[in-house]
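Subject: A structure for you to look at

Hi,

Here is the structure I promised to pass on. Please open it beside this message and follow along as you read.

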Amino acid sequence: MGDAGYKAESDFVTQLGGLETPPDLNLVTLRQQTAERSKSRGKNEPPPQKRPPIAPELTKLPGFSVDIQFDADTPIVRPESYQTIGRIADALVNSTLLPYEFLIVGHIESTGRRDNNVLLSQRRADAVRDILVNTFKISSKRLQAVGLGEEQLLDPARPNAPANNLTQIMTVAKMPEQSEQPKAAAAKGSASAAKKPAKKR
């Protein structure tokens with residue numbers, strides 16, 4: 001089974017720990033570069049096996065690959081994978097990982113159109129993030145998502161292998177230190193937020 005097999009929450013916690021140097025990561029730029037590169041149709045365009053990774057800095061981060069199942073060609077997570085995402089959520093709220101922010105990276109095997117694969121992988125990464133935030137109540141501030149399509153194959157030697165469909169979760173940053181004051185402000189904010197719906201539109 002290898003990496004795609006069952007992992008306990010404690011394994012996830014161990015693998016996400018130890019971020020030393022947060023990467024200088026601009027996800028907006030990375031998404032643009034990935035989209036542009038996926039449209040390359042030149043004669044000199046290397047085959048999938050020879051493409052350099054689009055974001056090599058990601059390969060140095062603490063993290064893991066996990067097999068989250070989606071319905072074919074959609075970003076819909078299959079019911080059996082909710083348990084896996086739940087274990088990831090448990091890891092993210094472990095006390096050692098609470099001070100960190102994470103990146104969900106979607107990948108797709110090298111079949112179909114490259115540019116479509118980038119879009120689908122982004123939608124799938126976003127779907128995993130949405131489940132973590134909405135179902136498992138992980139703070140949205142701690143989670144970002146990016147889809148790399150087939151531009152950073154996990155198994156470049158076998159571009160069509162299912163291993164390239166794994167989703168990666170990696171530790172990318174330390175949360176800004178929070179002082180005691182924001183709690184009071186947050187309490188005020190939630191009170192005013194509660195009043196808003198009363199206004200007639």
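Below is what was found in it, going from the whole chain to single residues.

This is a predicted model, in which local features need pLDDT of at least 70 and side-chain atom pairs count only at pLDDT 80 or more, while totals for chains, interfaces and linings use all residues. Residues are numbered from 1 along each chain as its sequence is written, and side-chain values use heavy atoms, with hydrogens and water left out.

**The whole chain**

The chain has five helices and four strands; these are DSSP runs numbered from the N terminus, with at least four residues of H or I for a helix and at least two of E for a strand. Along the sequence they follow the pattern α-α-β-α-β-α-β-β-α. Of the 201 residues, 43% are buried (buried means under 20% relative accessible area, exposed over 50%, and partly exposed in between, with a 1.4 Å probe and protein chains only). Among contacts (heavy atoms within 4.5 Å) with a separation of 6 or more, 81% join residues 24 or more positions apart.

**Two helices side by side**

Packed helices are described by the angle between their axes and the distance between the axes. Helix H2 (residues 27-38) and helix H4 (residues 114-134) pack at about 150 degrees, with axes 7 Å apart. Here the axes are lines fitted to C-alpha atoms, for helices over the stretch in contact, and angles run from 0 to 180 degrees between N-to-C directions. H2 and H4 are therefore roughly antiparallel (angles over 145 degrees; under 35 is roughly parallel, 65 to 115 roughly perpendicular, and the rest oblique). Arg31, Thr34, Ala35, Arg37 and Ser38 of H2 meet Arg114, Asp115, Val118 and Gln122 of H4. By class, this contact of H2 with H4 holds two nonpolar, three polar and four charged residues (Ala, Val, Leu, Ile, Met, Phe, Trp, Tyr, Cys and Pro count as nonpolar, Asp, Glu, Lys and Arg as charged, and the others, Gly among them, as polar).

**A covered helix**

Helix H3 (residues 82-92) is mostly covered, with eight of its eleven residues buried. Those buried residues pack against helix H1 (9-16), strands S1 (63-66), S2 (100-106), S3 (143-147) and S4, and helix H4. Asp90 also sits in H3, but Asp90 is partly exposed, at 40% relative accessible area.

**A buried glutamine**

Now look at Gln168 in strand S4 (residues 167-174). Is Gln168 buried or exposed? Gln168 counts as buried because its relative accessibility is 14%. Its side chain makes a polar contact with the side chain of His107 at 2.6 Å (a pair of N or O atoms within 3.5 Å; within protein, one must be able to donate a hydrogen and the other to accept it, and residues adjacent in sequence count only if both atoms are side-chain atoms). Leaving out residues up to four places away in sequence, Gln168 touches Phe64, Ser65, Leu103, Ile104, Val105, His107 and Leu154.

**Two loop residues**

Most residues other than glycine have a negative phi. Asp73, in the loop between S1 and H3, has a positive phi of about 60 degrees although it is not a glycine. Lys137, in the loop between H4 and S3, also has a positive phi of about 60 degrees. Asp73 is exposed at 68% relative accessibility, and Lys137 is exposed at 64%.

Enjoy exploring!
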